[in-house]
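Trainee: I have the model open. Can we go through the pairing and contacts together?

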Amino acid sequence: MTTVQDLPQIKGVKNIPISEGYTSGHRTCQGCESALVMRLMIKAAGQRTIVVGSTGCMYVANTTYYSTPWVVPWMHTQLGSSGSAATGTAAGLASMMRKGKMHKEPINVIAFCGDGGGADMGLAAISAALQHDEYNLLILMYDNESYANTDIQASGSTPYGANTTFSPPGKETRIMNKRWKKNTAPMLAVGHPDVKFVATANGSYGLDFNNKIRRALTIGGPTFIHSIDPCPKGWDYDPKFSHELGMLIVETGLWVQYEIIEGELTLNGPSRAIARGIRKRKPVEEYLMRQGRFAHFTKEDIKIFQDRVDESWEKWWLPGVIPVTMGQD
Amino acid sequence: MTTTATNELFQTEKEELISGSEAIALACALADVDVITAYPIRPYDTVMQYVSKLKADGSFDCDFIVAESEHSQFEIVKHASSVGARTFTGSSGVGWFYAFEAITVTAGLRLPVVAMVGNRALDDPGAFGVEHNDALAVRDLGWMLYWVATAQEALDIALLAWRVAEDPTVFLPFAVSCDGSFLTHSQAIVNVPTSEQVNKFLPPYDRGKLQLHPDNPITIAPQVNEDWLMEMRRQSDEAMHRSVGVIKKAYEEFKEIFGRGDPSPFVEEYMTEDADIIIVGMGTLALPVRVAVRRFQEAGRKIGFVRVKFFRPFPTEELQEILTKCKAVCVVDRDYSYGAPSYGGVLFTELRSALYPMEKRPLMLNFIAGLGGREVHVNDVNDMVDIVQKAIETGIIEQEATWIGVRDN
Amino acid sequence: MSTVAVEVVYRGIFQRTLARNIVRSIVFAARKEGKIGTAFGRYGDSPERNGIPAKQFAVVADDAEELEEVLARYEPTEVDVTINVDDTMCKGIESWAWYGLQPINQLTKPNGTLIVTSRQDADSLVEDIHQKDTPFDLSIIKSTVSFSGLWVYKDDHTDARILGTLCNVCPQLFSIDSMLQALDEQGNGETKLASAQKAYDVATIRTVEPGEGNSEVPYKFELLGWQTMEEGLVIRAQGKGGGFRGGDEGFQPDRNEVFKKYSTRSMRPVINFETCIKCTLCWLQCPDTCFDITPDGLYDANMESCCGCGVCEAVCPVPDCVTMVSEADFNDNSSQWEAWQEDKPSYQQWMTALVDKQKAETRTHGFHHVGGYTEEIAASEDA
């Protein structure tokens with residue numbers, strides 16, 4: 001196994017690196033939280049990093065020939081290939097360094113994918129990548145809860161009932177997307193016991209985000225981060241609220257911030273306070289009613305949402321994380 | 001910083017009794033390939049079984065990755081190639097098709113991945129025997145495509161593949177096509193060269209200014225609109241044009257260093273001098289056809305054979321020169337293309353297109369044979385030649401494409 | 001032969017439904033007079049991005065053959081009427097799919113008309129609009145710029161007002177009666193029809209003479225050919241950046257030379273450097289890496305890369321330290337920090353005036369909460 005870079009945990013926002021690996025030239029929406037996530041990701045990782053990005057907004061809107069926002073080396077990979085791309089890049093580097101064909105140094109390898117590329121199409125390849133513990137790599141799934149680049153179609157990560165171009169509320173059927181959001185990070189953590197780091201993250205908590213990236217890149221082996229990214233276009237809200245919605249999704253308990261370091265789970269930020277009973281969860285209605293994609297919701301729909309969130313905190317074996325309850329005997 | 005290792009396994013030249021798959025596995029070790037990805041599907045996967053054993057025995061230092069699908073297999077080597085690693089992978093039949101997205105982008109990205117195709121019929125129904133349709137599917141994408149006929153040729157052409165693919169003026173992927181079973185599973189005597197010879201022939205892969213590395217910060221494959229894509233396609237077209245000269249030069253050097261090879265890297269001619277009828281085919285079909293041709297010649301009939309080795313780049317000029325000298329061409333396709341012009345096979349259609357501008361055009365007949373691994377016998381070849389002979393004599397082609405060796409009842 | 005082409009230049013997503021309503025209604029109204037037409041969005045603008053300028057077209061012809069002549073192209077080479085539904089795009093637009101700054105009136109025919117929804121007066125708009133060699137008419141619809149989002153449409157009758165105005169300024173298209181009939185058949189209520197009629201009645205034009213207006217030469221980009229483009233689908237990365245304005249202190253990232261994105265902006269932040277507590281949040285949370293770090297540790301929003309999302313305003317913990325104000329009040333992208341350094345009292349005065357003005361306006365960027373649009377429409381009717 002190649003060595004890792006010295007990327008210590010950052011203490012306080014004022015110590016977040018000023019260097020940028022992702023700058024202007026991208027053509028994302030105003031207030032694009034995923035663009036922010038790209039920027040934070042590379043801030044934490046630094047310049048000796050290779051980034052591979054699978055198809056999605058962060059491909060098409062970011063890099064449009066002949067311009068690029070990337071300062072670090074960046075390459076496109078296919079929609080379902082973030083796992084393979086990370087493995088291939090890391091393997092190429094590892095092999096050449098071991099055999100003396102390339103100067104030996106720890107180079108961060110990060111592959112990112114959206115929820116469509118990750119939780120849907122790319123799941124098998126991500127799972128495979130997480131089994132190759134001889135390679136140091138990070139797979140970052142930026143989840144804006146739809147196939148946002150292709151014009152907001154429902155993915156396995158789209159919340160129940162949300163309006164998308166594949167699940168529009170209609171005269172006969174109000175709720176077209178009846179699927180509950182896929183619980184991706186725990187699925188990967190539980191399914192790959194040798195993986196040393198799996199976390200959820202959120203661009204609204206910038207310092208926490210930076211430190212999770214650093215932890216993922218320095219702990220050794222393959223790692224996975226699932227980031228929730230408010231999408232002003234698909235969620236339909238004034239772009240200036242990206243940050244606020246990122247916080248609301250945590251404060252309502254709908255999204256749980258945590259990291260699993262070598263099998264040990266720690267809740268972070270507001271999620272931690274909620275779990276300890278220090279902080280009360282805000283009603284999910286406050287979050288839902290701020291977005292046009294839920295504008296067709298009735299009181300019953302909101303209740304379904306609230307009940308599911310309550311259940312995840314009150315009944316799950318690992319509150320908010322693992323949807324398993326203890327049997328009665 | 002690049003060095004090519006000298007492998008202890010290959011200190012001296014030696015003979016081995018090995019299959020085409022094993023020959024290619026040895027070529028991987030000789031070429032000091034860095035990253036290899038495997039996924040099981042018959043018949044190509046024999047090569048990966050040999051590679052993994054070489055690695056396990058400490059005879060070959062590579063990153064051997066067992067992928068979870070063919071798609072990942074090809075994606076992994078594609079990305080390893082982008083950072084400058086020499087790569088090898090392969091597949092067969094529908095496995096090759098499962099990887100098709102990755103196969104397509106590898107060519108678009110101009111990454112010199114070398115892949116073995118163990119030719120296999122496409123499902124459904126599941127069938128393990130040879131058909132050429134799997135490999136032929138990449139013919140429009142920017143892959144160089146070569147059909148080998150013997151285990152020796154498999155080893156030799158694998159080495160040539162990296163040499164040509166990794167040439168900075170080419171940078172295109174290379175598929176080495178091997179007929180399933182006949183090559184992948186039959187053993188023959190193969191001369192295995194030394195590391196020293198190979199190192200002399202095959203320089204290290206240098207991705208240069210296109211290498212994805214923090215010392216060379218670039219963005220690869222940004223999305224494009226109609227303002228740009230045609231220019232990119234044109235670049236790939238030009239690279240394929242350039243590959244012709246690179247192949248010729250490399251093949252000459254190959255013959256000099258290893259002391260074997262045909263006059264042309266693109267086609268193999270067999271008794272074509274003054275031939276009235278020339279049979280054209282690809283791959284291991286050469287064996288029964290050569291036998292048949294010898295018997296015809298012994299009987300005083302002027303029948304010759306041309307084996308098309310490179311399907312991409314297509315040897316247009318060579319074939320134009322050879323085939324315009326004969327009266328009739330008998331094209332044997334181990335593939336099908338339902339609904340194609342005259343319901344002919346892929347090779348036939350291409351060849352007829354290549355000969356169209358010629359002033360003196362021979363009669364052309366097509367035979368679909370040996371599908372699904374069915375053997376093409378000497379008798380089958382005789383039947384084809386009879387039909388062609390009749391056409392020459394009557395001046396009438398009753399049917400341009402004929403299925404041979406199929407039960408018509 | 002008579003073909004009339006109309007383009008609607010709009011803010012991606014925010015005004016997509018608005019633009020669509022306009023171009024479709026044009027075709028429906030033309031049908032009322034036996035003409036034929038088509039309505040389409042420019043394919044290259046898809047998938048649209050919030051705020052990034054995009055275009056939709058309506059082409060109306062006497063018969064199908066005439067229509068075909070125009071449809072042989074992606075984008076008509078010229079249009080009779082350009083409708084600009086956000087006045088801040090008068091400064092020119094950079095679409096997300098193409099390079100270079102396109103003047104708002106680039107496709108407007110000689111003696112054609114540019115319709116703009118705006119609260120600004122004509123002189124102020126002409127200042128922004130690039131000069132042309134030929135005259136064109138400017139018609140202003142006095143109204144607050146209408147923004148909604150992808151799913152929920154804010155029906156403030158902007159579409160009807162534009163269509164009414166269009167009937168007045170481009171009578172060869174169709175009569176107001178045909179338009180009202182078309183609107184009625186599409187299920188629009190009485191009040192909306194009344195809005196169209198009223199706009200028709202009050203529409204005025206002001207001719208913009210050749211050479212009048214913004215003299216800036218818009219940024220152009222020359223496309224490379226296959227022999228000069230790098231092979232392997234490769235382009236060079238952005239530079240690492242360095243000290244503020246090339247100095248040793250602070251930090252200024254390298255910025256993309258070929259795509260600026262600032263024509264996406266309809267609002268921009270103004271910063272009160274004197275109340276800034278250097279908390280870093282505006283800088284840290286900006287998705288567009290738009291803040292330069294000054295030698296004194298302040299954050300200067302660089303207008304070459306700011307697209308006006310407003311996140312900096314939303315995250316700033318100090319009241320009125322970062323305020324989003326209308327882009328219409330600016331004619332350049334100069335540095336606020338440099339202006340402040342040069343003359344602090346004047347800067348404070350200028351900034352305070354802008355902030356106060358913004359508080360009086362209600363310029364928003366789409367959906368705030370369920371029921372919000374109804375409140376906004378009611379508030380604007382009161383005003």
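Mentor: Start with one pair. In β6(A), Phe197(A) has Thr223(A) as its bridge partner. Strands are DSSP E runs of at least two residues and helices H or I runs of at least four, numbered from the N terminus. This is a predicted model, where local features need pLDDT of at least 70, side-chain atom pairs count only at pLDDT 80 or more, and totals for chains, interfaces and linings use all residues. Residues are numbered from 1 along each chain as its sequence is written, with chains lettered from A and ligands numbered from 1 in the order in which they are written.

Trainee: In which sense do β5 and β6 of chain A pair?

Mentor: Pairing takes at least two DSSP bridges between two strands. β5 (residues 197-202) and β6 (residues 222-228) of chain A have six bridges, and the sense is parallel.

Trainee: How many residues does chain C give to the contact with chain A?

Mentor: Contact means C-beta atoms, placed from the backbone, within 7 Å. Chain A supplies 55 residues. α1 (33-45), α8 (232-236) and α9 (242-251) of chain A each supply at least two of the residues touching chain C. Chain C gives 49 residues.

Key. Two residues are in contact if their C-beta atoms, placed from the backbone, lie within 7 Å.
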